[in-house]
Amino acid sequence: MERFDNGWRLPVDGLLVTQIRLDHGVTLLLETFLIRIEGTFLVLEGGGSEQKVDPEGRPEQLIPALRLFEKEAVSGSANDDGGLELNFHDGTRVFVPASQQFEPWELAGPEGLIIVSAPGGEISIWRS
């Protein structure tokens, strides 16, 4: 992982979303990285449409998340304010904002890497 001005660059470039799991959250498996989203997030499609996804909302609200299947990531970042951004090859973007009350997202990766957006917008990083 590489540090930049206002966060951490996530090494997801070139990875495909190979699996999506739905329960009380949305879990994206990008080959070797697992991203668990439990807060409301935005999917911004290349054409400019912006759709809000509430993991605990009605099933039809999850459709934008399902469209991420087999998309190729070109970049990702964990921002110092607690937000998560994922950018895909076709111009689609995912943004998960920070939360004051709970952990809206977490990432687990190779070599024991765990990144969590803690309540209040702080990023916590562990490696084993």
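Arg 3 is partly exposed, at 41% relative accessible area. Partly exposed lies between buried, under 20%, and exposed, over 50%, with a 1.4 Å probe and protein chains only. Before going on: this is a predicted model, where local features need pLDDT of at least 70, side-chain atom pairs count only at pLDDT 80 or more, and totals for chains, interfaces and linings use all residues. Residues are numbered from 1 along each chain as its sequence is written, and side-chain values use heavy atoms, with hydrogens and water left out.

Back to Arg 3. Its side chain meets that of Asp 80 in a salt bridge, 2.8 Å from N to O. Salt bridge here means a side-chain nitrogen of Lys or Arg within 4 Å of a carboxyl oxygen of Asp or Glu. Arg 3 is in strand β1, residues 2-4, and Asp 80 in the loop between β8 and β9, so the pair ties together parts 77 residues apart in sequence. Strands are DSSP E runs of at least two residues, helices are H or I runs of at least four, and both are numbered from the N terminus. Asp 80 is partly exposed too, at 36%.

How many salt bridges does the whole structure hold? The search finds 7. One of them joins the side chains of Asp 23 and Arg 36, at 2.8 Å, N to O. Asp 23 sits in the loop between β3 and β4, Arg 36 in strand β5, 13 residues apart. Is Arg 36 buried or exposed? Buried, at 16%. Asp 23 is partly exposed, at 44%. Glu 60 and Arg 58 also form a salt bridge, 2.7 Å, N to O. Shared partners join Asp 23, Arg 36 and Glu 38 into one network.

Arg 36 has another partner. The side chain of Thr 27 makes a polar contact with the Arg 36 side chain, at 3.1 Å. That term means N or O atoms within 3.5 Å; within protein, one must be able to donate a hydrogen and the other to accept it, and sequence neighbours count only if both atoms are side-chain atoms. Thr 27 is in strand β4. Thr 27 is buried, at 6%.

Now the core. The largest nonpolar core has 29 residues, and Leu 28, Leu 30 and Phe 41 touch the most other members. Such a core is a set of buried Ala, Val, Leu, Ile, Met, Phe, Trp, Tyr and Cys residues joined through side-chain atoms within 4.5 Å. Elements giving two or more residues include β3 (17-22), β4 (26-30) and β8 (73-79).

Last, backbone. Glu 31 has a positive phi of about 50°, though not a glycine. Glu 31 lies in the loop between β4 and β5.
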